[in-house]
Amino acid sequence: MTKLMDYLDDRVLLADGAMGTRVQALNLSVEKDFLGQENCTDILTKSRPDLVRDIHMGYFGAGADAVETNTFGASPVTLGEFGLSEEALDLNKRSAELAREAAEEFTSDDCPRFVLGSIGPGTKLPSLGHIDYQTLEDSFAMQCAGLAAGGVDAFLIETCQDTLQIKAAVNGAKRARMEAKADIPIITQVTVETTGTLLVGADIAAAATVVEALDISVIGLNCATGPQEMSEHVKWLAENWPGVISVLPNAGLPELVDGQPHYPLSPEELAHWHERFLDEDGVNIIGGCCGTDIPHIEALDAMLRERAASTKGGNRARPKPAKRRSYWVPSVASLYGQVSYRQENAFLDIGERCNANGSKKFRDLQEARDWDACVEIGREQVPDGAHALDICTAFVGRDEEADMVEVVSRMRGAVTVPLVFDSTEQNVLEAALRLYGGKPIINSINFEDGEDPANERMKLVRHFGTGLIALTIDEEGMAKTTEKKVTVAHRLHDFACTRHGLPPSDLLIDPLTFTICTGNEDDRKLALMTLNAIEQIAKELPECQIILGLSNVSFGINPAARHVLNSVFLDHALKRGVTGAILHSSRIMPLHKIQPEEVKAAEDLIFDRRAKDHDPLQNFLAMFEGRALEKQEKKKPPANVEERLKLRIIDGDRQGIEADLEEALGGMSALDIINTVLLDGMKVVGDLFGSGQMQLPFVLQSAATMKTAVACLEPHMEHVEGREKGVIVLATVKGDVHDIGKNLVDIILTNNGYKVINLGIKQPIEHIMAAAQKHKADVIGMSGLLVKSTVVMRENLEKMTREGFDLPVVLGGAALNRKYVERDCVAAYGSGSVAYARNAFDGLNFMDKVAAREFDAHLASNVKKRGVKSTKTEQTEGSKAPLVAKLRPTDYEAAKLQRNELTKDVTILEPPFWGAKIIDLVPIKNLLVFLNEAMLYQFHWGYKKQGRTRGEFRKWARGELKPILTRIAKQCHDEKIIAPRAAYGYWKCAGDGNDVILFEKDGMSECARFTMPRQKGKNGLCIADFFRDIGGEKRDLIALQAVTVGPRVSEVALEWFHADKYQDYLYLHGFGVEMTEALAEYVHKRIRTELGFAAEDARDVEKLIKQGYHGARYSFGYPACPNLADQEKLIGLLDAERIGLTMSESDQLHPEQSTTAIVVHHPQARYFTV
């Protein structure tokens, strides 16, 4: 019989589809079929073995090479939730037997069939503290024993969401196969969520690092997402994983359609995606997870047979796996990410400050049981450059194991770098390892007491999959000479790698460093001998790592001298071949920052360059005698309270500001504090923002601090009308509901001493003028996002002129530009006092000019500087010329010829339905994969690259901004702030001149007509050209879509604005906007999937959202599709009021965060300007 691993060497294997999908499609009785255990699919093995066998037979009949047993939730722990723990062994055994019986029915010499023992994650994750490790391992061991007894060909540990759970399952499986004396391979499959990580936070690299350390050669992905969302992670595996790869995606992302759960990916689309994985990534095992059924497996089987037939020989049902080049980088891992042993242009920096033996501060905190502060010491080392953290809780009078548990249980989720467990006690190390889901390093083994203790330590290393520090110590003691160090290093390598199977890259040899500062003759050359040993070990054992406990070399001298000696010694050790060091990162200096004479003195000491009348040690000690260490203390706040308050505004530091304000009130009035201290701080903030040295979210933090300070001072001030520096009436113009820009101006002006009358959104000019008169405004500010709003602003200026207004006006908004304001808008206003504000600080600058009565002079100076001439256009009042391109007379014959040429070779598609459907409440997690993070971070949140490259900004954003995104997304989910809903559908259509005509299902009855602009010149494009001509025999196809994330996101954002939560207001507003766009991408992908060409999508999401797909999506309001009023027809056809979407008289969609589009399937359709 062909063994599974032999088969995988030679052929691609097709696994089955979902067991649960098939079970849920049946009308089963809870009492009769599930024996009263609702949702316990595993019990069907006992109650309905015929049904389970038939499901397996169905998948084998569809072409599957392997099926998974009906045991996904059959571990004793999971069955215990149904009171069935005692039946675990029998259920697993019988489930394997049923699958085996089905396999035998389809097995032949040419076509072996396999049974994969399904082992799900259960409902309790150890890294989250739901269950202890050993209970979980024992449970999996029992499950695997049953599967082995039933005759499975492999253990499939699937849908893994926690790397510590992977360890428990793998070790349970290893125990079971050892007891069964059977060589049963182990397959692991992880589940990567749409967030890009496993549920506990591990990325694919971290998960793969953990799996590789457990000696598992097969890794894969299954569940949670469809193939598109998996593709990035499959690609990573293809480029890095040296073994077999499996990919079993869901049939897309699940959603509710017309109130029913639905997986959208068709069998053909799944087959297309898997063919890409075979071609581009060389995967070995394919199949399906949730939502996949017999038709999906039939499509995959047909695809594989076609590929096999097209290869040389062509007499097999399965093709060979495509060859791929992968390069595995030996690494360790935290719960979150992978860290390479060999750092590029650096060394593996292991932070030493969480060691009770070496750090008094850590020891004192440990003794005080201040565990959070212990964790903070760990966190502080990461920004300093630590790649891993050494954890040691051993000191006299403490329970080392209990303290290790306290620290590790907190540290594992709080720091992003791997941990090094440092202890001489076996029980302490084991306790730490049972808590840690990453791949840690054990520190350490040696042969001081022979090999027995080291043997016990190696069992832990191999069981939990760790790296290992090995000290060059044998029964004779610590190796000091070069020769002895090298000899013991070889013995350590043979012991750990040859006898115990540890990969050489996981062995970190420490050749030991000793102090050279005692003055003893025997100690003078110890550093030199260590350096020589490093060089020799690096040559003779090149795959091993070499590590040093660096600070030992300088033990016994003052701190300033130690820092220099450690830094110089490390530099030489790196040149000789050291790959890592345990040290205090912030106390290592690059050589160029050390005085040359100090470097030379340290080198003389290291290399023992003694000469007559020159003792390197005495010379080095004398050089640093009495010199204190330059402490890198936290910057102390200024002694002067005025400077402290100013700094608080600049830093956005509200904590404890009340005390500083009370102190300041002792010598200044509240008004003086605001005008001379706080506003001075805000001016610095404005200067920093203007020069690009401060990001917008931090500006808002400063504004919030200003607001807090003013609120504290208000009880100390008499209210005097007109005390403000100036008054501005702010409004978003009629027909526009976008207010983020206006509100940012409000925040900045209010906190810089101006009175802001914020009228809100959709304000007619009559209201704006009335408010300006009522509040005796000095300035009017008008804002708007829509292109149409720019016309409204100009019309408002014309009306203000007729009413005799001559107040200065500031205009702002995304659709505006300086040229339009300084020409058209200035010309429309009688007084000409109109300014264009790019951002809130431009608005502040203009207000300052108004307050100083320099506004007009400032404008005149700017106009003169730029050479702008104001030219009033001849457009009449109410003209929409800036919004809608003028429609030129249509040359129908030319349009028809162009249309026929464009569409002659394009297939007419058949949609899955005609008319409209609703997608109700799409899960937020399904949309995150389509979120344009670059747009969110840089445009909406205002974080700039500030000199970083694109790659550097991405890396920075992952660490700094992604946690904010995760927090906002979680809050939106938990509090139901965002409710993504969509309507979409298909209509027959045709092109007629510049019109796109939509028809009822009969293809004759017109139901809507959209008139589109055409580009100027010969062969100018129009959207109507992408559809077959109305005079043709057949009708074409058009899709329409409308999406919204609901009204609550705008409502909550406004609540946060009024509650002075400025930063979160900015974050939420931007998130809402980009989630709307993500939802539009999501629905468009659904349409491409249903029309059969989603497999052409770019795998990289960044490329996808830049139109990396077949066809195009045109939103109203953009050049090729400009008429916003046409959305009313679209909303009517889709009956989009069912998702709460309506349109105002001014053609504005409500809720605000909504968008509509027409979807064109023509392969040449692209965005174009008119």
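Is Thr705 buried or exposed? Keep that in mind while you load the model, which is a predicted one. We will reach this residue after a look at the whole chain.

**Stop 1: the whole chain**

Show the chain as a cartoon and colour it by secondary structure. Turn the model around: along its principal axes, the C-alpha trace spans about 100 × 90 × 55 Å.

Now think about the inside. Buried residues make up 57% of the 1170 residues. Of the contacts with a separation of 6 or more, 76% are between residues 24 or more positions apart.

**Stop 2: Thr705**

Select residues 696–713 to bring up helix α26, where Thr705 has its place. Here is the reply to the opening question: Thr705 is buried, because its relative accessible area is 0% and buried means under 20%. Next, show its partners. Leaving aside neighbours within four places in sequence, Thr705 is in contact with Arg648, Ile649, Gly652, Asp653, Arg654 and Ile657.

**Stop 3: helices α23 and α25**

One of those partners, Ile649, leads us onward. Select helix α23 (residues 641–651) and helix α25 (residues 670–690), whose axes come within 8 Å and cross at roughly 40°. That makes α23 oblique to α25. The crossing of α23 past α25 is right-handed.

Show side chains where the two helices meet. From α23, pick Glu642, Leu645, Lys646, Ile649 and Ile650; from α25, pick Ile673, Val677, Leu678, Asp680, Gly681, Met682, Val684, Val685 and Leu688. Colour them by class and you get ten nonpolar, one polar and three charged residues in this contact.

**Stop 4: helices α38 and α39**

For another pair, select helix α38 (residues 1048–1058) and helix α39 (residues 1062–1091). Their axes come within 8 Å and cross at roughly 165°. That makes α38 roughly antiparallel to α39, because the angle is over 145 degrees. Here α38 passes α39 in a left-handed crossing.

Which residues of α38 and α39 make the contact? On the α38 side they are Val1049, Val1052, Ala1053, Trp1056 and Phe1057, and on the α39 side Tyr1062, Asp1064, Tyr1065, Leu1068 and Gly1072. By class, this contact of α38 with α39 has eight nonpolar residues, one polar and one charged.

**Stop 5: Val486**

Go to helix α18 (residues 482–499) and highlight Val486 in it. Val486 is buried, with a relative accessible area of 5%. Setting aside residues within four places in sequence, Val486 is in contact with Ala533, Gln536, Ile537 and Glu540.

**Stop 6: Ser554**

Select the loop between β21 (545–549) and α20 (559–576) to find Ser554. Ser554 counts as buried, at 0% relative accessibility. What does Ser554 touch, not counting residues up to four places away in sequence? Display Thr515, Cys517, Arg562, Leu565 and Asn566 to see.

**Stop 7**

Most residues other than glycine have a negative phi, and most peptide bonds are trans.

- Look for Asn39 in the loop between α2 (19–24) and α3 (44–47), where it is exposed, with a relative accessible area of 65%.
- Gln1107: its phi is also positive, at about 70°, although Gln1107 is not a glycine. Find Gln1107 in the loop between α40 (1101–1104) and β33 (1112–1114). Gln1107 is buried, with a relative accessible area of 10%.
- Asn443 to Ser444: the peptide bond here is cis, with omega near 25°. Ser444 lies in strand β16 (residues 441–445).
- His1150 to Pro1151: this peptide bond is cis, with omega near 0°. Pro1151 is in the loop between β35 (1149–1150) and β36 (1154–1160).

Notes
Residues numbered from 1 in each chain as written. Predicted model: local features only at pLDDT ≥ 70, side-chain atom pairs only at ≥ 80, totals over all residues. Heavy atoms only, no water. Axes fitted to C-alpha atoms, helices over the stretch in contact; angles between N-to-C directions. Helix = DSSP H or I, 4+ residues; strand = E, 2+ residues; numbered from the N terminus. Parallel < 35°, antiparallel > 145°, perpendicular 65-115°, else oblique. Left-handed = near helix turned anticlockwise from the far one by under 90°. Contact = heavy atoms within 4.5 Å. Nonpolar A, V, L, I, M, F, W, Y, C, P; charged D, E, K, R; others polar. Buried < 20%, exposed > 50% of the residue type's maximum accessible area, 1.4 Å probe, protein only.
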